[in-house]
Structures are given as structure tokens and as C-alpha cells.
Amino acid sequence: MGEILEEIRRAYATVGITLDVPAAYGTYYRLLCAGCGRMVGNVGDRLLPGMAAELVAEQFDLYASGLLGCPCGHQSERARQLDAPRWQAARQRLAD
Ligand SMILES: [Zn+2]
């Protein structure tokens, strides 16, 4: 489980999200914006190897366009730094 947690942590870090300490019931972690600390969601640690990175990769366009992530724009900015052409394409397709 430690390794999975580390994998989840790494996957979300790529889009500017940090994992908080576990919630009281232990298997869910709050996702916090690395830019401003606002809570942007939850993630469970019952994932299989590779799933966390896959999840975050699938959500790339949503983070890029601002449909997912923090209103401060930190995840979108991180997405732009990771892949500017894809960031731009996602915003044209998904954002108003
Ligand atoms: Zn933020």
C-alpha cells in the first residue's frame, strides 16, 4: 500500500496537486491544490499499480481547460508546462 500511495502522490504532483493526510477512515486522501492549498477532491488508496498515473493522464484535458482542479488555475498552469500544444487544444475544445 505504501508504494501505491507514493504512486498516487507522484501522479497528482505532475498536475500540481498534493495529497493531504488521510481522512479519519483512512483509505481516502484529500487532494489539495499545490498552488493555494484549497481542497480539490478526494482519492482512495485502493488503486492498482499504474492506475493513478492513468487517471491523471486521462484527466489532463479537464485540468488544462479548468473544468477540473482549483479555481486559482494552478493545475491548468501545470498542464500548460507539461504539454503546451495539448493544453491549447484542450482549452479550445472544452473551454468557452
Ligand atoms: Zn489553487
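Predicted model: local features only at pLDDT ≥ 70, side-chain atom pairs only at ≥ 80, totals over all residues.

Visitor: Where is Ala11 found, and which residues is Ala11 in contact with, leaving aside its neighbours within four places in sequence?

Guide: Ala11 is found in helix H1, and, once neighbours within four places in sequence are left aside, its contacts are Ala52, Ala53 and Val56. For Ala11 and Pro85 the separation is 74 residues along the sequence and 20 Å in space, C-alpha to C-alpha.

Visitor: How should I read the helix itself, and which residues in H1 are buried?

Guide: One begins with the extent of the helix and then turns to its sides. H1 covers residues 2–13, which is 12 residues, and its span from first to last C-alpha is 16 Å, close to the 16 Å expected at 1.5 Å a residue. Its buried residues are Ile8, Ala11 and Tyr12. Viewed down the axis of H1, these buried residues fall within an arc of 90 degrees, so they line one face of the helix.

Visitor: What does the face of H1 turned away from its buried side carry, and what covers the buried residues of H1?

Guide: The face turned away carries Gly2, Glu3 and Glu6, which are exposed. The cover over the buried residues of H1 includes the strands E1 (17–22), E2 (28–33) and E3 (39–44), together with helix H2 (51–58).

Visitor: At what angle do H1 and H2 pack, and which residues meet there?

Guide: For a pair of helices one reads the angle, the distance between axes and the handedness together. H1 and H2 pack at about 20 degrees, with their axes 8 Å apart. That angle makes H1 roughly parallel to H2, since angles under 35 degrees count as such. The crossing in which H1 passes H2 is right-handed. On the H1 side the residues are Glu7, Ile8, Ala11 and Tyr12, and they meet Ala52, Ala53 and Val56 of H2.

Visitor: Which residues of helix H4 are buried, and what covers them?

Guide: In H4, which runs over residues 74–82, the buried residues are His74, Gln75, Ser76, Arg78 and Ala79. Their cover includes E1, E2, helix H3 (60–65) and H5. Take His74 from this list: it counts as buried because it has 20 C-beta neighbours inside 10 Å, and the cut-off is 20 or more. Not counting residues up to four places away in sequence, His74 touches Gly16, Cys33, Ala34, Gly35 and Cys36. His74 and Val40 are 34 residues apart in sequence and 11 Å apart in space, C-alpha to C-alpha.

Visitor: How many other C-beta atoms lie within 10 Å of Ile17, and which residues does Ile17 touch?

Guide: Ile17, whose place is in strand E1, is buried, with 25 other C-beta atoms within 10 Å. Not counting residues up to four places away in sequence, Ile17 touches Tyr12, Leu31, Leu32, Cys33, Ala34, Val40 and Gln75. Tyr12 is one of the buried residues of H1, and Gln75 is one of those of H4.

Key:
Residues numbered from 1 in each chain as written. Helix = DSSP H or I, 4+ residues; strand = E, 2+ residues; numbered from the N terminus. Expected span 1.5 Å × (residues − 1). Buried ≥ 20, exposed ≤ 12 C-beta atoms within 10 Å, placed from the backbone. Arc of directions from axis to C-beta. Contact = placed C-beta atoms within 7 Å. Axes fitted to C-alpha atoms, helices over the stretch in contact; angles between N-to-C directions. Parallel < 35°, antiparallel > 145°, perpendicular 65-115°, else oblique. Left-handed = near helix turned anticlockwise from the far one by under 90°.
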